[in-house]
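Subject: Structure for your files

Hello,

Here is the structure I said I would pass on. Please open it alongside the notes that come after it.

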Amino acid sequence: MKPEHDLNSASRETLLAVIAELQAVNAQLHRRIEILERSAKLGKPRGMPGNKSPSKRRESESVKPRKQRTQGFSRRRTEPTRREIHAAESCSECGVGLSGGWVHRTREVIELPLAPVEVIEQVIMARVCALCRQRRLPQDPLAGLGRQRFGVNLTSLIVTLREEGRLPIRGIQQYLQTVHRLKLSVGAIVDTIHRVARRAEPAVAEMVERIRGSPVVNADETGWRQDGGNGYVWTFSTPTDRYFVRRGRGKEVVDEALGDSFGGVLVSDFYAAYNHYPGPKQRCWVHLLRDIDELKALYPDDRGLIRWAGAVRQLYNRARACALSGDRQASGYQRSVSPNQLMLEKQLLSLCRPFSEDESAPQAKLCRRIQRFIKELFVFVSHPSVPSENNAAERSLRHLVISRKISGGTRSERGTNTKMALASLFGTWRARGLNPLFETRKLLLSTQP
């Protein structure tokens with residue numbers, strides 16, 4: 001055993017160390033109190049930086065109310081169609097039955113019912129007039145559907161899933177069988193789609209007439225295979241109408257789609273099929289600038305090419321500024337050329353003329369193209385309602401291009417005609433912001449033949 005005086009000395013040293021530590025903490029707390037007291041005397045804000053001290057506010061200064069928001073940003077709950085109440089029937093501890101209570105919390109659950117198909121037997125009653133003794137039949141509310149057995153909702157859903165959803169036929173078949181317990185053959189689904197396309201022919205014809213009467217039309221084309229053979233889908237579009245047709249790639253397609261009555265501005269790329277159109281044309285600047293950028297990528301060290309490309313782009317930016325300052329509400333096309341358009345054409349020609357005949361210059365071919373189409377590059381400056389690019393036509397083709405990547409094209413001429421008719425119909429509804437399912441129902445219920 002250690003002597004008693006050794007234990008006392010060890011305990012004394014431990015206590016002295018604890019006392020020293022407490023004294024240091026006490027000194028730190030005193031310094032902190034002094035700092036806070038000095039801050040309060042100087043009127044410095046306490047709490048978050050930048051807040052004004054309440055003691056320093058002027059008595060006449062009132063607290064401004066919080067600015068009211070025009071709308072909340074929380075997720076809005078929809079109106080419930082059904083309410084389910086969940087309550088404990090008995091105490092989990094005592095087993096005593098429970099009753100009454102209050103709402104502890106609510107929870108919104110959005111659910112989709114797996115509803116089976118509804119088979120309706122339409123009974124047409126014949127009655128005899130007591131006065132003239134003639135048989136009278138009621139007006140058939142589904143006369144527009146013909147004698148087929150698919151109702152308006154089912155037909156509209158099939159066509160919308162096919163065209164807007166881009167589902168394959170067997171995908172539609174599986175969906176109807178899984179969700180609605182409706183088993184249909186592939187042929188029945190295909191025949192339904194063809195029937196709606198025939199029903200849409202008058203609407204598509206009206207669409208073509210509206211496009212021909214428009215002051216500005218965007219045109220473009222893309223590949224489309226039919227039964228393994230190459231072909232092209234053409235689009236002729238306005239801000240509110242879309243028309244698609246599959247043909248070859250010749251200039252006669254432009255004449256067929258636009259007809260003899262069109263006299264507006266044709267906006268297109270530099271493809272030769274549009275050259276013969278006698279009316280005013282606006283060539284796409286995006287295609288031209290893209291070709292210039294590709295040329296710069298091929299010759300990154302050519303300083304002359306880079307300077308020329310920069311000058312052309314600056315000239316285009318000035319043209320855009322001139323067009324934006326014009327009147328975009330002008331309707332129709334007046335055969336007039338503004339001084340700004342003439343000035344820009346002259347400046348662009350002066351940029352291209354030194355290189356057009358110099359075959360050693362990388363931009364020689366582009367310069368000759370610009371010289372050839374110089375009168376069709378700045379039409380948008382004189383007429384601000386005309387776009388300087390053909391993006392509208394390319395955007396209208398996007399839905400068809402994605403459909404082509406999924407399906408690879410169509411397998412027959414009848415399938416192609418159906419696809420083009422539905423693409424025109426649904427593309428127009430899409431451009432107008434209309435619901436394609438509801439619009440298909442309106443089309444089927446309409447009185448048109």
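Predicted model: local features only at pLDDT ≥ 70, side-chain atom pairs only at ≥ 80, totals over all residues.

Residues are numbered from 1 along each chain as its sequence is written, and side-chain values use heavy atoms, with hydrogens and water left out.

Overall picture

The average pLDDT (the predictor's confidence in each residue, from 0 to 100) is 87 for the protein, and 88% of the residues score at least 70. Residues 328–333 fall below 50, and this stretch has eight contacts in the model beyond near neighbours in sequence. A contact here means heavy atoms within 4.5 Å.

The protein has 14 helices and seven strands. These are DSSP runs numbered from the N terminus, with helices being H or I of at least four residues and strands E of at least two. Of the 449 residues, 34% are buried. Buried means under 20% relative accessible area, exposed over 50%, and partly exposed in between, with a 1.4 Å probe and protein chains only. Among contacts with a separation of 6 or more, 62% are between residues 24 or more positions apart.

Cores

In soluble globular proteins, nonpolar side chains tend to be buried together. A nonpolar core is counted as a set of buried Ala, Val, Leu, Ile, Met, Phe, Trp, Tyr and Cys residues joined through side-chain atoms within 4.5 Å. The largest one has 44 residues, and Ile158, Trp234, Phe236, Tyr243, Leu266 and Leu425 have the most contacts inside it. A second, separate core has 31 residues, including Phe270, Leu315, Ala319 and Leu366.

Leaving aside neighbours within four places in sequence, Leu266 is in contact with Val217, Ala219, Val254, Leu258, Tyr274, Tyr277, Pro280, Lys281 and Gln282.

Helices H2 and H4

Nine of the twelve residues of H2 are buried. Ile158 is one of them, as are Leu154 and Leu161. The cover over the buried residues of H2 includes H3, H4, H12 (391–407), H13 and H14 (436–445). The end C-alpha atoms of H2 are 16 Å apart, which agrees with the 16 Å its twelve residues should span at 1.5 Å a residue. The expected span is 1.5 Å times one less than the number of residues.

H4 has 14 residues and reaches 20 Å from its first C-alpha to its last, close to the expected 20 Å. Its buried residues include Ile189, Ile193, His194 and Val196. Among the elements covering the buried residues of H4 are H2, H3 and H5 (201–212).

Threonine 235

Thr235 is in strand E4 (residues 232–237) and is buried at 0% relative accessibility. Not counting residues up to four places away in sequence, Thr235 touches Asn218, Ala219, Asp220, Tyr243, Phe244, Ala393, Ser396 and Leu397. With Ser396 there is a side-chain to side-chain polar contact at 3.1 Å. A polar contact is a pair of N or O atoms within 3.5 Å; within protein, one must be able to donate a hydrogen and the other to accept it, and residues adjacent in sequence count only if both atoms are side-chain atoms.

Salt bridges

Side chains of opposite charge can pair when their charged atoms come close. A salt bridge is counted when a side-chain nitrogen of Lys or Arg is within 4 Å of a carboxyl oxygen of Asp or Glu. The count comes to 16.

- Arg430 and Glu164 pair with their closest N and O atoms 3.1 Å apart. Arg430 lies in H13 (residues 413–431) and Glu164 in the loop between H2 (152–163) and H3 (169–179), so the pair ties together parts 266 residues apart in sequence. Arg430 is partly exposed at 34%, and Glu164 is partly exposed at 27%.
- Arg195 and Asp191 meet at 2.8 Å, N to O. Both are in H4 (residues 186–199), four residues apart, and are therefore separated by about one helical turn. Arg195 is buried at 18%, whereas Asp191 is partly exposed at 33%.
- Glu345 and Lys375 have their closest N and O atoms 2.9 Å apart. Glu345 is buried at 3%, whereas Lys375 is exposed at 55%.
- Arg210, Asp241 and Arg432 are linked in a network of salt bridges.

Regards
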